[in-house]
Amino acid sequence: MAPSYDHDDHHSNAPPSSNLDISGYDPNLVPDSVKSFVVHLYRHIREKNVYEIHQMYETSFYTLSDRLFKDTPWPSVDAIAPFVDNDHVFCLLYREMWFRHLYARMQPTLKQRVDSWDNYCSLFQVVLHGVVNMQLPNQWLWDMVDEFVYQFQSFCQYRAKMKSKTEQEIALLRQADQAWSVYGVLNYLQALVDKSSIIDILEREKEGLENFTADDGYDYNGGSNVLRVLGYFSMVGLLRVHCLLGDYHTGLKCMLPIDISQHGVYTTVIGSHITTIYHYGFANLMLRRYVVAIREFNKILLYIYKTKQYHQKSPQYEQILKKNEQMYALLAICLSLCPQTKLVEETVNSQLREKYGEKMSRMQRYDDEAFALYDELFSYACPKFITPSPPNFDEPLVNYNQDAYRLQLKLFLYEVKQQQLLSGVRTFLKVYSTISLGKLATYMEVDEATLRTILMTYKHKTHTVDAEGKIISNADIDFYIDDDMVHIVESKPPKRYGDYFMRQIAKLEGVMNDMDRIKLE
């Protein structure tokens, strides 16, 4: 099945045309509104006025972009530098926004991709080795890490499409072999984690010695939040990079210092919250920890359902909706492989049934059509996997941008195939509380030795190892064998009275409102 896979995993408003005509663009022309913007932003950064920085960054920047730079870049950094005392750090921050706008609205050239890498290197070097005395909004610091990983992913995809490359592009790729290297990207993210001491800070917080989460990562004692919060978000960045590489164990290991079950700084920015849980859930799905994935997808989907109307004007709104749809597809996969619907809230469950109810019932059958549906949902909802190694320039040039995705799809469908064995045994276990091995073997039309193998496989496939190395069960129905008798243990769902009462209260309020209206009439 051909996947809808070439979608960009990020900037959804980039136009389809590859090279826009920006012949009328003058990089040295600075409109008054832009001059005013950079002067005020520079002043607010110097004064550590986080509220005003956030307003300008979140609102003014996008308003000006829409009004003046819909399909052209912003003025060059050299053109605005005189208005901000040629401040080195401000110019690096401005260029970071400049490149982000370029990626969102246009198609960057190879030289621009390399220049953006160089700018990130300079910016992170200053944060890691300089004295940074700024407070920046969490949204901006998250966007830096998010964009850094996105541009790495975009570069790997671009480099892997070798067939259409010109001689000049190939020459520049050979020359810029360090740009966006996987080691460089991982090293910067890890360096930010290490230098920020964020893991120690989060440990100390558990003992009541730090207020990092309570203060949303900001420093209210006149210091800077930049390194600490970049270090914090870099743990999410590492999870995402490792997921793109298909190394789910390492990705989840990088996230261990952050307690996913609690509110944290990652939940203060909607984009960070969604990205974290999407990749965390996906990694757990690929490691067969279906229950963990279902729980986390359920929580975030309920949160998005309740809060998405507040983000309609946000530049991230389209991305929120897209990730929302992808996570419903992943939840449909999890529940088809591990039918634990009791873990899912009613609101999420009804949305899921509406979107995927029919497909999920077909996915239970494990025939060719079911495999095609698993393929379709996985291809739609998976991350945009990458091959991090550069091509061999001396061999005939081929496109290899789909290779990593095909490998992950193959591994996933192999797992689905193995689950096929279990669907038969699960059906019988549901019906009985005890059954002899002989009788069950007859029903399943296999001999007893084969049945024992199938039951061992069922045990293996419905249990997995969690992040702490403990064996956990995904099984909705479990069993033990005692003296050739199979004893079935069904996990009882906890009764949810809260939901029921909330619905009845809402109904009663509706009836009372109707009665009041009738009285008034």
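Modeller: Let's start at Glu376, which counts as partly exposed because its relative accessibility is 29%; partly exposed lies between buried (under 20% relative accessible area) and exposed (over 50%), using a 1.4 Å probe and protein chains only. The model is predicted, so local features need pLDDT of at least 70 and side-chain atom pairs count only at pLDDT 80 or more, while totals for chains, interfaces and linings use all residues. Residues are numbered from 1 along each chain as its sequence is written, and side-chain values use heavy atoms, with hydrogens and water left out.

Side chains of opposite charge can pair when their charged atoms come close. Glu376 does this with Lys359, in a salt bridge of 2.6 Å from N to O; the term needs a side-chain nitrogen of Lys or Arg within 4 Å of a carboxyl oxygen of Asp or Glu. Lys359 sits in helix α15 and Glu376 in helix α16 (residues 368-381), so the pair ties together parts 17 residues apart in sequence. Helices here are DSSP runs (H or I, at least four residues), numbered from the N terminus. Lys359 is also partly exposed, at 22%.

Another pair joins Glu369 to Arg362, with the closest N and O atoms 2.8 Å apart; Glu369 is partly exposed at 34%.

Now for a contrast in setting: Asp143 and Arg100 form a salt bridge at 3.8 Å. Asp143 belongs to α6 (residues 138-160) and Arg100 to α4 (residues 88-105), so this bridge links parts 43 residues apart. Asp143 is buried at 6%, and Arg100 is buried at 9%. Glu96 joins Arg100 and Asp143 in a network of salt bridges.

Methods:
Helix = DSSP H or I, 4+ residues; strand = E, 2+ residues; numbered from the N terminus.
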